[in-house]
Every structure is written in C-alpha cells, then in structure tokens.
Amino acid sequence: MPRPIDHLVLAVPDLAAAVALYGRLGFTVGAVNRHPWGTENAVIQLDGSFLELIGLGAGFALPGPHEAAAPFAAPVAAACARGGGLALVALGSTDADADAAAFRVAGAGQGRRLDFGRTAVAPDGTRRDVAFGLAFADIGLEAAGVFTCRHHRPENFWNPAAQRHANRALRLDAVALAVPDPAPVAARLSVALGIGPDGQAERLRFATPTGSIDVMTPPAAAARYGGGAAPGRFAGFGMVVEALDGLRRRLAAADVPHREVAGTLVVPPEVAFGTALVFAPAPCHSVA
C-alpha cells in the first residue's frame, strides 16, 4: 500500500500576506498556530490532505544541525530566505518509528525523528490539542525534502467545516519535483512512498491515494507550471476544483494574475510565493 500525501509544507516569507492571498483565491484558511521551535503556520484542509502555509515567527532561532527539529525547520528557513516555495512534502504514516527504521535500513534516511504538539483552532474558534510524529527520508536533494507524518490525535485535527472552500476546491491532484535526471531521485522516493513510478524518463509519476508526485525535468515542469522550475526543487502542485468558471471570475475580481493552460488555471510561482498552483476541474487533470 503506497503512503498517501498527507500535506504540503509551503514556506512563505510573509505568512500574513500568504494567508491573505489564499483567502482571495477562495480557500478557507485556518487560524495561525505556532510550533515549539518558532515557525508559525496556517492550515488549509482538503479531502484527505492539507496545505500548510508556514513562515518564521517572532523569536525564531534556527535549530542546531543535531536538534530534532532541524530537518523540518532548516528547509523551511532556507525556502523563506529565497522568497518562498514548497519546501517539504509530508506523507501519511501509522508508525513514525517504523518509518525511520525502514528508511535507515534502506539507506534513505538516518533515523531522524521529531515528535511535537500544538493547539489547533477550528473555524468556530474551538481549541483542541493535536500532536504529530515525523520521520525524515533522504531523497538526495538539499532544497526539496520528504518526511512521513503520523497524526496522534486525528480526531482533533480533521474538521469537515474547514474543508469547505468558496472556490470549491476538493483535493490535491499532483505535486511536481523538477530535477535534471529523474531516475536517481525517483529511486530514493520509491523507498519513502513504498511504490515504484510509472512513466517515461523525463517524467516519472508516483500515484498515491491522495494525489501523485511527478518527478520531472525542469523544462517539462516549467512548461506545465510556469517559470521558476529551478532544478532540485518542487515546482508546483495541482488542485482539483468542482469547476473553473466561478474560480476564473474570482481570480479576475481579486486581481490575481493567472493564465490558462490546457484547460487549467495556473497561478504562477512569482505570485504564489515561489510555488506554482494549478487549478483543474474535477475529476482530475494529467500533468503533461
């Protein structure tokens, strides 16, 4: 059984501005939360996964390289420093300890683990404690990482009300990782995901229960997601919406720059804090 995509860690240099943008895009954005090491986030829940807008809060201090939070906080801080971007992809987990051990045995990680908790605030103001266990894989890239995430209290996290969006967004469709040679990265990613890819040399696709991860050459990613598909980084992600007509009007009314490509609406990376965002009509779209 392949691991699903649990969430995307979208690093932004200005969390308030990112929250405002995603609100203009028609998403229901959660309250701002703070991690114990000083990053702050706001969550957008979807069907089976979520988006994590994350920035550096007041008093943030980069953890030392051997501290437990380093594999999470360091990529976020680096992405914020370069203007933002999709820094990490989290995969679903039922046992983070077992994941860390499996990664270590397979040579795809060093057994790095992180456990933490925080308070979640629901749209109605209800406050609940949530907790997570993370295990970090190694896919051989400095600017794009993967880890598994176990929800210790999922009943306190997932909220149907938070999954209703004015833009009629439903779920993730695809995440694109741009690398000059997809095969070696895909081999490492196979360990983390628990499945092998389909596709051809310039684009290898991993199909998970909550969307695909596409390892693509930078030209292929740039053609689909717009400029800014830097080698070794996540280029963008696709989102499934019920229909495009209402969203098209919303983007125009909110003065959000976008373009239409192959039946989709694309908000380019220079607008969406370093990560291209593709909206496609249900049931899904295929990244070409």
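Two strands pair if DSSP finds at least two bridges between them. Helices (H or I, at least four residues) and strands (E, at least two) are DSSP runs, numbered from the N terminus. This is a predicted model, in which local features need pLDDT of at least 70 and side-chain atom pairs count only at pLDDT 80 or more, while totals for chains, interfaces and linings use all residues. Residues are numbered from 1 along each chain as its sequence is written, and side-chain values use heavy atoms, with hydrogens and water left out.

**Whole chain**

The protein chain contains 7 helices and 16 strands. Its radius of gyration is 18 Å, close to the 19 Å that the globule rule gives for 288 residues, so the chain is as compact as a globular protein of that length. That radius is taken over C-alpha atoms, and the globule rule is 2.2 Å times the number of residues to the power 0.38. The C-alpha trace spans about 50 × 50 × 35 Å along its principal axes.

Colour by burial next. Buried means under 20% relative accessible area, exposed over 50%, and partly exposed in between (1.4 Å probe, protein chains only). Of the 288 residues, 53% count as buried. A contact means heavy atoms within 4.5 Å. Among contacts between residues at least 6 apart in sequence, 66% join residues at least 24 apart.

For charge, select Lys and Arg, which count as positive, and Asp and Glu, which count as negative; His and the chain ends are not counted. The protein chain has 24 positive and 25 negative side chains, and the centres of the two sets lie 3 Å apart. Each charge is placed at NZ of Lys, CZ of Arg, CG of Asp or CD of Glu.

**The open sheet**

Now show the sheet of 8 strands. The sheet is open, its order is E2-E3-E4-E1-E5-E8-E7-E6, and the pairing is mixed. Strand E2 (33–34) and strand E6 (113–121) are the edge strands, each pairing on one side only. Strands of a sheet pair through backbone hydrogen bonds, either parallel or antiparallel.

E2 and E3 are antiparallel, with 2 bridges. Select Asn-33 and, opposite, Asn-41 in E3.

E6 runs antiparallel to E7, and 9 bridges join them. Arg-113 has Ala-135 in E7 as its bridge partner. Strand E7 (residues 127–136) is mostly covered, with 7 of its 10 residues buried. E7 also pairs with strand E8 (residues 145–151), in the antiparallel sense and over 5 bridges. Here Gly-133 stands opposite Arg-150 in E8.

Select Ser-49, in the loop between strand E3 (39–45) and strand E4 (50–56). Ser-49 counts as buried, at 1% relative accessibility. Leaving aside residues up to four places away in sequence, Ser-49 touches Ile-5, Asp-6, Trp-158 and Leu-172.

From C-alpha to C-alpha, Gly-92 and Ser-49 are 8.9 Å apart in space, and they are 43 residues apart in sequence. Gly-92 is also buried, with a relative accessible area of 12%. With residues up to four places away in sequence not counted, Gly-92 touches Arg-3, Pro-4, Asp-6, Thr-148 and Cys-149.

Which residues cover both faces of the account of strand E15 (residues 264–267) as buried? Thr-264 and Val-266 lie on one side, Leu-265 and Val-267 on the other, and all are buried. In a regular strand the side chains alternate between the two faces of the sheet.

Strand E14 (residues 259–261) runs antiparallel to E15, joined by 3 bridges. Glu-260 stands opposite Leu-265 in E15. E15 is likewise antiparallel to strand E16 (residues 276–281), with 3 bridges. There the bridge partner of Leu-265 is Phe-279 in E16.

**Two positive phi values**

Most residues other than glycine have a negative phi, and most peptide bonds are trans. Select Ala-262 in the hairpin of E14 and E15, which has 2 residues between the strands; Ala-262 takes a positive phi near 50 degrees. Ala-262 counts as exposed, at 76% relative accessibility.

End at Phe-273, in the loop between E15 and E16. Phi of Phe-273 is near 55 degrees, a positive value in a residue other than glycine. Phe-273 counts as buried, at 18% relative accessibility.
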